[in-house]
Amino acid sequence: MKISVQTGTVVYECGFEKGYRLIRDAGFEAVDWNIDNLWDAQRIRNGNLNGHCCLAESFDAAMEETAFERRQIKENGLEITQAHAPFPAYVFGCPESLDYAVNVYKNCIRLCDEVECKNLIIHGITAPAWSGKEQHELADALNDALYTALVPELQSSSVCVCLENLFVKSERICRHGVCSDPHEAMNCIDRYNALAGKECFGLCFDTGHLNLLHGDFYRYTALLGGRIKALHIHDNDGEDDEHLAPFTGSINWPAFCECMRNIGYSGDLSFETFQQTTMNRLGDERMVTAYLRTIREAGTLFRERILAK
């Protein structure tokens with residue numbers, strides 16, 4: 001059970017060399033690799049798929065683009081235990097965006113296989129909060145098309161694609177998104193694994209997202225059980241998706257640890273706390289270092305509690 005942190009803001013702001021050194025010096029053993037920056041998300045959201053929107057349109061281009069970064073990760077003794085794929089997977093009103101995303105995700109799977117990254121988080125498709133029944137049914141069909149299209153690639157790889165419990169926000173109210181209902185998440189994962197004939201789909205359990213929906217941590221994790229393969233650990237105030245360090249929001253962290261211990265979770269502890277460590281928030285690299293170390297200590301505490309006999 002390794003303690004990892006999302007590469008996100010620290011690496012973007014400090015650069016690959018300094019960023020990964022800061023992560024290493026804070027005591028992290030692994031990273032959740034942000035390969036979602038391989039594409040221009042705003043262009044995708046605008047439905048502009050003309051030209052090269054993404055460096056992962058080809059596997060060779062993705063390998064070339066990430067070569068220096070991968071070297072920095074390795075030289076700092078860090079492992080890539082999970083990766084965050086580009087999103088959104090679909091833009092409503094732009095049907096061709098799904099095929100585009102599927103091609104990119106297949107290359108991301110190959111990229112993860114190459115670096116021995118076991119989990120790739122791919123966000124599902126959620127209809128806008130104001131949608132009616134027809135668009136919600138469309139979103140369900142699109143998710144099936146998305147994940148089943150990845151089955152052939154996964155059958156010949158060692159990568160597990162992780163769905164994530166998501167939310168959608170409208171007028172400051174957080175509403176349920178794809179996989180936020182535990183029964184929906186269970187059914188999707190089991191159905192896709194049955195189709196693949198192997199266990200190559202799982203769930204990335206996002207603590208902050210469940211808190212925004214005021215979900216029951218015990219019920220959600222008990223139902224998903226061993227399907228939970230990865231984590232996005234972060235805190236918030238229950239109203240905004242703040243991505244803060246544990247104990248700075250409203251999540252009951254002892255309860256989280258108990259839930260993980262109850263299901264026998266043995267995966268890695270990955271923190272998605274990029275807003276807590278941004279220079280825009282802290283203003284000084286010394287504070288970035290201090291918060292990275294604090295987050296790492298929270299990981300040590302969680303690991304001890306989860307693995308306690």
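User: How much space lies in the second largest pocket of this model?
Analyst: The model is a predicted one, and the value here is computed from its atoms. The lining of this second largest pocket includes Arg70, Leu78 and Glu116, and the space that lies within the pocket comes to about 260 Å³.

User: Which element gives the largest share of the lining of the second largest pocket?
Analyst: Two elements give two or more residues to the lining of the second largest pocket, namely strand 3 and helix 4. With 3 residues, the largest share of that lining comes from helix 4.

User: How many residues in the lining of the second largest pocket are charged?
Analyst: Among the residues that line the second largest pocket are Lys74, Glu79 and Glu114. When the lining is divided by class, 4 residues are nonpolar and no residues are polar, while the number of charged residues is 5.

User: Where is glutamate 116 placed, and what is its phi?
Analyst: Glu116 is one of the residues lining the second largest pocket, and its place in the chain is the loop between helix 5 and strand 4 (119-121). Most residues other than glycine have a negative phi. Glutamate 116 has a positive value instead, with a phi near 60 degrees.

User: Why is helix 4 called oblique to helix 5?
Analyst: Two packed helices are described by the angle between their axes and the distance between the axes. For helix 4 (residues 59-75) and helix 5 (residues 96-114), the axes are 9 Å apart and the packing angle is about 50 degrees. That angle makes helix 4 oblique to helix 5.

User: Which residues of helix 5 make the contact with helix 4, and what is the handedness of the crossing?
Analyst: On the side of helix 4, the contact is made by Phe59, Ala62, Met63 and Thr66, and on the side of helix 5 by Asn107, Arg110, Leu111 and Glu114. By class, this contact has 4 nonpolar, 2 polar and 2 charged residues. Where helix 4 passes helix 5, the crossing is right-handed.

User: How is helix 8 oriented relative to helix 10?
Analyst: Helix 8 (residues 182-196) and helix 10 (residues 217-224) pack with their axes 9 Å apart, at an angle of about 15 degrees. That angle makes helix 8, relative to helix 10, roughly parallel.

User: Of the residues where helix 8 meets helix 10, how many are nonpolar?
Analyst: In helix 8, the residues Pro182, His183, Ala185, Met186 and Ile189 meet Arg219, Tyr220, Leu223 and Leu224 in helix 10. By class, this contact has 1 polar and 1 charged residue, while the number of nonpolar residues is 7.

User: What is the volume of the largest pocket, and which residues are the closest to its centre?
Analyst: The largest pocket has a volume of about 830 Å³. It is lined by 32 residues, of which the closest to its centre are Arg45, Phe87, Pro88, His123 and Phe167.

User: Which peptide bond is cis, and what is its omega?
Analyst: Most peptide bonds are trans. Proline 88, whose place is in the loop between strand 3 (79-84) and helix 5, is joined to phenylalanine 87 by a cis peptide bond, for which omega is about 10 degrees.

User: Which element gives the most to the lining of the largest cavity?
Analyst: The largest cavity has a volume of about 30 Å³, and its lining includes Val5, Gly8 and Phe274. Strand 1 (3-6) and helix 1 (8-14) each supply at least two residues of this lining. The element that gives the most, with 3 residues, is helix 1.

Terms used. Residues are numbered from 1 along each chain as its sequence is written. This is a predicted model: local features need pLDDT of at least 70, side-chain atom pairs count only at pLDDT 80 or more; totals for chains, interfaces and linings use all residues. Side-chain values use heavy atoms; hydrogens and water are left out. On a 1 Å grid over the protein atoms alone, a cavity is a set of points where a 1.4 Å probe fits but cannot get out, and a pocket is an open set with protein on both sides within 12 Å along at least five of seven lines; lining residues have an atom within 4 Å of a point. Grid points are joined across faces, edges and corners, and a volume is the space filled by probe spheres set on the points. Helices (H or I, at least four residues) and strands (E, at least two) are DSSP runs, numbered from the N terminus. Axes are lines fitted to C-alpha atoms, for helices over the stretch in contact, and angles run from 0 to 180 degrees between N-to-C directions. Angles under 35 degrees count as roughly parallel, over 145 as roughly antiparallel, 65 to 115 as roughly perpendicular and the rest as oblique. A crossing is left-handed if the near helix is turned anticlockwise from the far one by less than a right angle, and right-handed if clockwise. Contact means heavy atoms within 4.5 Å. Ala, Val, Leu, Ile, Met, Phe, Trp, Tyr, Cys and Pro count as nonpolar, Asp, Glu, Lys and Arg as charged, and the others, Gly among them, as polar.
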